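Visitor: Please take me through one part of this model at close range. I would like the surroundings too, with the cut-offs stated as you go.

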Amino acid sequence: MLMGKPTLHTIERYILEQQEQHPGATGRLTALLYDIALAAKLIARETTRAGIGNILGATSAENVHGEVQQKLDVYADHVIFRMNDHTGRVCVMASEEHDDLLHISDRYTPGYYVLVYDPLDGSSNIDVNASIGTIFAIHRRISPGNGPGTLEDVLQPGTKLVAAAYVIYGSSTMMVYSTGNGVHGFTLDPSIGEFLLSHPDIRIPSPGQYYSANHGYEKYWSPGVRRYVEWLQALDDDDRQPLGHRYIGSMIADFHRNLLQGGVFVYPYDARKPTGKLRLTYEAQPLAFIAAQAGGYASDGHRDILTIQPDHLHQRVPVFMGNRDLVERAEEFVQQYDADFLAGLR
Ligand code: FDP
C-alpha cells in the first residue's frame, strides 16, 4: 500500500519542479545543476573508496597556495572540469586548485554561466577519514558577446550569485543547494545512485548551539576576536549558557553542522594572516549565499561578505558565518576593539 507515503523527490525532479515555477526559465541552469550533481556522485564514489584504493595520499604537486595537493583533489578538479567543458552551458570556470581561469576549448560553444568551484575542501582531512566537501558557485556572464568568459565574469560580488551548492562527503553524502529560493538538502542513496530530498527548506535554528574556531591560533587573535569568543563562552556572565565548541578543520563539515543545528563558524584575520585563510570566491561567497538563504548571515567583521567586490582570483577573506545574531555580535566586538590591531597589520 503506497498511499500516505511521502513523495520521493530525486534531485533532478526537485530542480525541475523549481524551474517550472519560473515561466521564463530556459532549463540551462537546471541542466548545469544536474551536471554538478553527477560530478558530485563521481567524486563521492572515489572519496568512499579512498582508504582502499591507491588514490590515498598526496601527490608531489603543490597548488597555488603552496599546499600539497591530494590525489583526490586532482581527481575532483578534473571531473568537474570535464563534466562542464563541452556542454555549452558554461563560458568560463575557475577552480581553487588553479592559478588562472579555466577556459572552454574553442571546439565547444561558450555558454551563459560562470562556474567557480573548490573541488575538495578540507583535503588535509582525507587521510584521517574526516568529512570533506566540494563547493560550487554559479554566476551569469557579464562580459559582452558570446565568446569565451573573462576574469570579469568570475570576479563578481556574491550578491550576483545565481546559485551555490556544496557537497559533503561524510557518514553519508549530501548535496545542499540554493538558487535563491531557500536551501534544500539531498542525501545520496548509494544503492540506487540518486540524491533524494531529505532536508527541504533548511533554516538555521535559533538559538545557535555551537561555535567553530581554531583555538590553536588563539595567541595570534586580535583583542576583538578574543573578547567575542569569550562572549560565546559566556565568560562574562555566570547566568548565560555558553555555546558548545566544535571544530573539525574542514569548512564544509563545520558549516554544515552549524547550518543544521545553529551556530557560528569563525576564521578571522590574525597576527599571521591579516586577511584570514579562506578564499572569497571559492569558499566564502557560496557559503555566505547559502547561509543567507537559510536565514543566516556572513561577515568579514565589517560588512556582508556577499557585498565584497573581489579584486583577484585567489583573494582571502576573514569569515564570521552562521546565525545572524551571533555574526552581528562578532561585528560589534571587532569594530569596537580591533581598529588598532588592523592598522598594525597594514
Ligand atoms: P584545508 O586546508 O584542509 O583544505 O580552506 C581550507 C580549509 O581546509 C578549510 O576547509 C578549513 O576550515 C580550514 O582550511 C582549516 O584551516 P586550519 O587548519 O588553519 O584551521
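Guide: Start with Leu-151, which is partly exposed at a relative accessible area of 40%. The scale is simple: buried is under 20% relative accessible area, exposed is over 50%, and partly exposed lies in between, with a 1.4 Å probe and protein chains only. The model is predicted, so to speak of a local feature takes a pLDDT of at least 70 and a side-chain atom pair counts only at pLDDT 80 or more, while totals for chains, interfaces and linings use all residues. Residues are numbered from 1 along each chain as its sequence is written, and side-chain values use heavy atoms, with hydrogens and water left out.

Leu-151 belongs to helix H4 (residues 151-154). Helices (H or I, at least four residues) and strands (E, at least two) are DSSP runs, numbered from the N terminus. Setting aside residues up to four places away in sequence, Leu-151 touches Leu-101 and Leu-313; contact means heavy atoms within 4.5 Å. Val-92 is 59 residues away along the chain, with 8.7 Å between its C-alpha atom and that of Leu-151.

Nine of its eleven residues are buried, so H6 is largely enclosed by the rest of the structure. The buried ones are Met-251, Ile-252, Ala-253, Asp-254, Phe-255, His-256, Arg-257, Asn-258 and Leu-259. Just after H6, Gly-262 takes a positive phi of about 90 degrees.

Take Asn-258 in H6. Asn-258 is buried, with a relative accessible area of 4%. Leaving out residues up to four places away in sequence, Asn-258 touches Ile-204, Tyr-210, Ser-212, Gly-263, Val-264 and Phe-265. Ser-212 is 46 residues away along the chain, and the two C-alpha atoms are separated by 8.4 Å.

Next, the partner helix. H6 and H7 pack at an angle of about 10 degrees, with their axes 12 Å apart. Axes are lines fitted to C-alpha atoms, for helices over the stretch in contact, and angles run from 0 to 180 degrees between N-to-C directions. H6 and H7 are therefore roughly parallel to each other. Angles under 35 degrees count as roughly parallel, over 145 as roughly antiparallel, 65 to 115 as roughly perpendicular and the rest as oblique. H6 brings Met-251, Ile-252, Phe-255 and Leu-259 to the contact; H7 brings Glu-283, Leu-287, Ile-290 and Ala-291. By class, the residues of this contact are seven nonpolar, no polar and one charged. Here Ala, Val, Leu, Ile, Met, Phe, Trp, Tyr, Cys and Pro count as nonpolar, Asp, Glu, Lys and Arg as charged, and the others, Gly among them, as polar.

Now the sheet. Eight strands form an open, mixed sheet in the order E4-E3-E5-E6-E7-E8-E9-E10. Strands E4 (102-103) and E10 (194-199) stand at the edges with a single partner strand each, so one side of each has no neighbour in the sheet. Two strands pair if DSSP finds at least two bridges between them. Strands E3 (residues 90-95) and E5 (residues 113-121) run parallel, joined by five bridges. Ala-94 has Val-116 of E5 as its bridge partner. H6 (residues 251-261) packs on this sheet, touching E5, E6 (132-140), E7 (163-169), E8 (173-178) and E10, with its direction at about 105 degrees to that of E7. H7 (residues 280-293) packs on the sheet too, touching E3, E5, E6, E7 and E8, and its direction makes about 80 degrees with that of E6.

A five-strand open sheet, with mixed pairing, has the order E12-E11-E13-E15-E14. H7 lies across E14 and E15, at about 30 degrees to E15. Strand E15 (residues 319-322) is covered on both faces: Val-319 and Met-321 on one side, Phe-320 and Gly-322 on the other, all buried.

Finish in the core. The largest nonpolar core has 44 residues, and Tyr-166, Leu-259, Val-319 and Met-321 touch the most other members. H7 gives this core its largest share, eight residues. Such a core is a set of buried Ala, Val, Leu, Ile, Met, Phe, Trp, Tyr and Cys residues joined through side-chain atoms within 4.5 Å. Beyond its neighbours within four places in sequence, Tyr-166 is in contact with residues including Ile-252, Phe-255, His-256, Leu-259, Leu-287 and Ile-290.
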